[in-house]
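Here are a few notes to go with your first look at this model. Please keep the picture open while you read.

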Amino acid sequence: ESLVRAKESFFAVMSHEMRTPLAACIGMAEVLRDTTSLDLRQTECVDAVLSNGDAMLSLINDILDFSKLEADGLELELGVFSPREVVEQAAAVVQIKAEEKGVQLVV
């Protein structure tokens, strides 16, 4: 049980340590997008930073949730979601890398 508590504490501290700078990066990218005249390519790049930042934040939250689940401290909720939206968001995360490699990503 002490091992479980130590692991839970580690994940909580690490998730906080990762979330704080990530939130700052996301915030700065939002400021850049909202207050600067960007060309199409620059807008796509900022959007990619925001999309990947959100994906990373979601991953961090999932890791923390998993550790809570292991410690029986998380209740799962049923909810409605759009599978199409999930696939589109996942595709957006890799879109720029795909284009750089000459791969056409069709969703």
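1. A word on terms comes first: helices (H or I, at least four residues) and strands (E, at least two) are DSSP runs, numbered from the N terminus. With that in hand, Pro 83 has its place in helix H3. Pro 83 counts as exposed because its relative accessibility is 52%; here buried means under 20% relative accessible area, exposed over 50%, and partly exposed in between (1.4 Å probe, protein chains only).

2. Please bear in mind what kind of model this is. It is a predicted one, in which local features need pLDDT of at least 70 and side-chain atom pairs count only at pLDDT 80 or more, while totals for chains, interfaces and linings use all residues. Residues are numbered from 1 along each chain as its sequence is written, and side-chain values use heavy atoms, with hydrogens and water left out.

3. How confident is the predictor? The protein chain averages a pLDDT (the predictor's confidence in each residue, from 0 to 100) of 84, and 93% of the residues score at least 70. Confidence is highest in helix H2 (residues 40–70), at 85, and lowest in helix H3 (residues 83–100), at a mean of 83.

4. Now for the overall layout. The protein chain has three helices and zero strands, so its elements read α-α-α from the N terminus on. The chain is more spread out than a compact globule, because its radius of gyration is 17 Å, well over the 13 Å that the globule rule gives for 107 residues. That radius is taken over C-alpha atoms, and the rule is 2.2 Å times the number of residues to the power 0.38. Along the principal axes, the C-alpha atoms fill a box of roughly 55 × 30 × 25 Å.

5. How many of the 107 residues count as buried? The share is 13%.

6. What does Ala 91 touch? Leaving aside neighbours within four places in sequence, Ala 91 is in contact (heavy atoms within 4.5 Å) with Leu 105 and Val 107. Ser 2 is 89 residues from Ala 91 in sequence and 41 Å away in space, C-alpha to C-alpha.

7. A last point concerns charge. The protein chain carries 19 negative and 9 positive side chains, with the centres of the two sets 5 Å apart. Lys and Arg count as positive and Asp and Glu as negative, without His and the chain ends; each charge is placed at NZ of Lys, CZ of Arg, CG of Asp or CD of Glu.
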